[in-house]
Structures are given as structure tokens and as C-alpha cells.
Amino acid sequence: MTDYLTYLYLLSPLHTGGSSQEGNLVGIAREVHTDFPYLPSSSLRGKIRSECDRLAKNGTAKEKEVDTLFGCKLKDGKQPTEGTIWIGDASLLFFPIASLSHQYIWITCPLWLSRWNRWRQDERMEDLIGQWRSLLDEEGEGGKKAISPLDQRIYLQGAILNRDHIKTIPKDAVCWEAFESLPDGNGILNLKQKLVVVSDFDCGALVELGLQREVRIALKDGSKTAADGSFRSEEAIPSESILFFPWGSKPAYDSAIPKNTFEQLRQILNSRLQFGGLEGLGRGWSEATTVPV
């Protein structure tokens, strides 16, 4: 069987649910070593399983085959079993940032691109990422603050990039071919006009500035005053972000994969799905696109 990459183009903000709460801030899930937001594989697996279970209840899929893919649940005194597929965490690939010069742009960094290309294993793209990393890490005249197809001053949220700070990406660069498999958000994604590659460090700072934060206040009944302990602020990954996650079958179980239900799983991962929390507020809707690697 083949491994796959599934891209998630966020149609609405994604609240992934953090492991802790600091004061009145309800945070989101973050990688412990980079502090970048991500969508845990457990959340992905649970949602995708629920979609397959729904097909089984409708008679479109077989419950036994769904159990084969994901493993039997702990129920009726039976012990859970191991499934035949694996699903990885969803990592950021492109993140939208407000811009006074371009309304908004998408940022990425060598770390995100290298993670993505680990699964694609495109040697030409890996060479290009290495060149970009060197330019962004180099100090002095040879170094650059950003790499972009844009040939003008760029105003980012909290930063200004002058023209001499930017290395231009040519129109025939191999990256444009590599980006063709990405979902375009119904024509919104336009990387040739709005892509900026920055260093891993700068990307972390910009993501922190660009996270969506909403304040929620519960009011007392019959008045417009706040109830005690009602104030909280919630974080979310903004819409128009692009994440990706790898998944596939476990090599030892290739022969046990139920092909019909597996094909239905692929169809689910080429449709619109809702992940994370705050579903009642319309959070977490994404356009999923799956490609083999």
C-alpha cells in the first residue's frame, strides 16, 4: 500500500484544545520543542473514525472493516485491538499574516518545508530548501530576511521587509511545481503573489502575533454586567492556514486492508471535514485534499 499526505486548508479558525490553561487564556495544542500550533493525531483519528462509523451505520461501509482499519473499541468487556492504518500529527505548512502592503500574505519557513518534503522525498526541493535556509541563517551582506516572489517592500504584522532584505524566487523555481498539489481554498491561495519564506525563528514570532484570539464574557441574567469568573480568551489557528498530515497502512497489515472501506476512507479525506473544538461556533472546517507519496 502507498503512504499519503492529506492537506487541510482551513475554511474557518481551528481551536485544537490545549493541555493547559494559563489564567483566563484557553490555549491551543502546541509542539513541546518548537511551540508551534499543531493538530494532534488523536484528534484527527477520532474524527476520521467517526466519519467511517457514520458510513457503517448508514450501511455504506461494513462495521467489521472499519474495526479492521482503526481497531476495535473497548466495549462489551472486549479489549481494544490494533488497527491496520496509522495517522500522524498535522503540522503547519503555510500561515496567513496581516499585511499593510498586501492585505495578507502566507508565511512559511525551512523547518515547515523540510518536514513536508521528508514525505515527498523530492531531491530538487530539498536542495532549494537548503539554499533558502543558508540565506536566511547567514549574517552580514549575503544574508536575507526573507525569500519571496514579491519584488517590493513588504509590511508584515510587526515587521517591515525592505527590498534589499528579500531574495527573489524566480518564476521557474521547482517550488511552484511542488505547490501545485495544495488545495487552493476555492481560488484564494495565490502563493506566487503572496508567499514569504522567513527564518524558523522569525516564523515563530510571526505565528504568535497572527494567532486568532477571541474574548468571551458570560452576562448575568437580566442585566448587561459580566458574571463572576465569566471572562476568558480563546486561541485559534486562523482560517486560510494550510496544515498537512501523513498517514498510511502499517506494512505488516497490508494484506489485511479491506480495499472497499479503505477507498471510502480516501474519499472522506478528499472532502470537507470539521476538526477540533467549538464545533457549534463553526470552528475547524477544512477542505481536505489527499495525494499519494
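Visitor: By class, how many nonpolar, polar and charged residues does the lining of the largest cavity have?
Guide: The model is a predicted one. The residues that line the largest cavity are H15, Q212, E214, R216, E234, E235, A236, L278 and R283. Glu and Arg count as charged, whereas Ala and Leu count as nonpolar. By class, the lining comes to two nonpolar, two polar and five charged residues.

Visitor: What volume does the largest cavity have?
Guide: The count comes to one cavity of 30 Å³ or more. The volume of the largest cavity is about 40 Å³.

Visitor: Is E51 buried or exposed?
Guide: E51 sits in helix α1, which covers residues 41-57. Leaving out residues up to four places away in sequence, E51 touches I268 and L273. The relative accessible area of E51 is 15%, and buried means under 20%. Therefore E51 is buried.

Visitor: What covers the buried residues of α2?
Guide: Helix α2 runs over residues 63-70, and its buried residues include E65, V66, D67, L69 and F70. The cover over these buried residues includes α1, β4 (85-87) and α8 (259-268).

Visitor: Which residue just after α2 takes a positive phi?
Guide: Helix α2 covers residues 63-70. Just after this helix, a positive phi of about 95 degrees is taken by G71.

Notes: Residues are numbered from 1 along each chain as its sequence is written. This is a predicted model: local features need pLDDT of at least 70, side-chain atom pairs count only at pLDDT 80 or more; totals for chains, interfaces and linings use all residues. Side-chain values use heavy atoms; hydrogens and water are left out. On a 1 Å grid over the protein atoms alone, a cavity is a set of points where a 1.4 Å probe fits but cannot get out, and a pocket is an open set with protein on both sides within 12 Å along at least five of seven lines; lining residues have an atom within 4 Å of a point. Grid points are joined across faces, edges and corners, and a volume is the space filled by probe spheres set on the points. Helices (H or I, at least four residues) and strands (E, at least two) are DSSP runs, numbered from the N terminus. Buried means under 20% relative accessible area, exposed over 50%, partly exposed in between (1.4 Å probe, protein chains only). Contact means heavy atoms within 4.5 Å.
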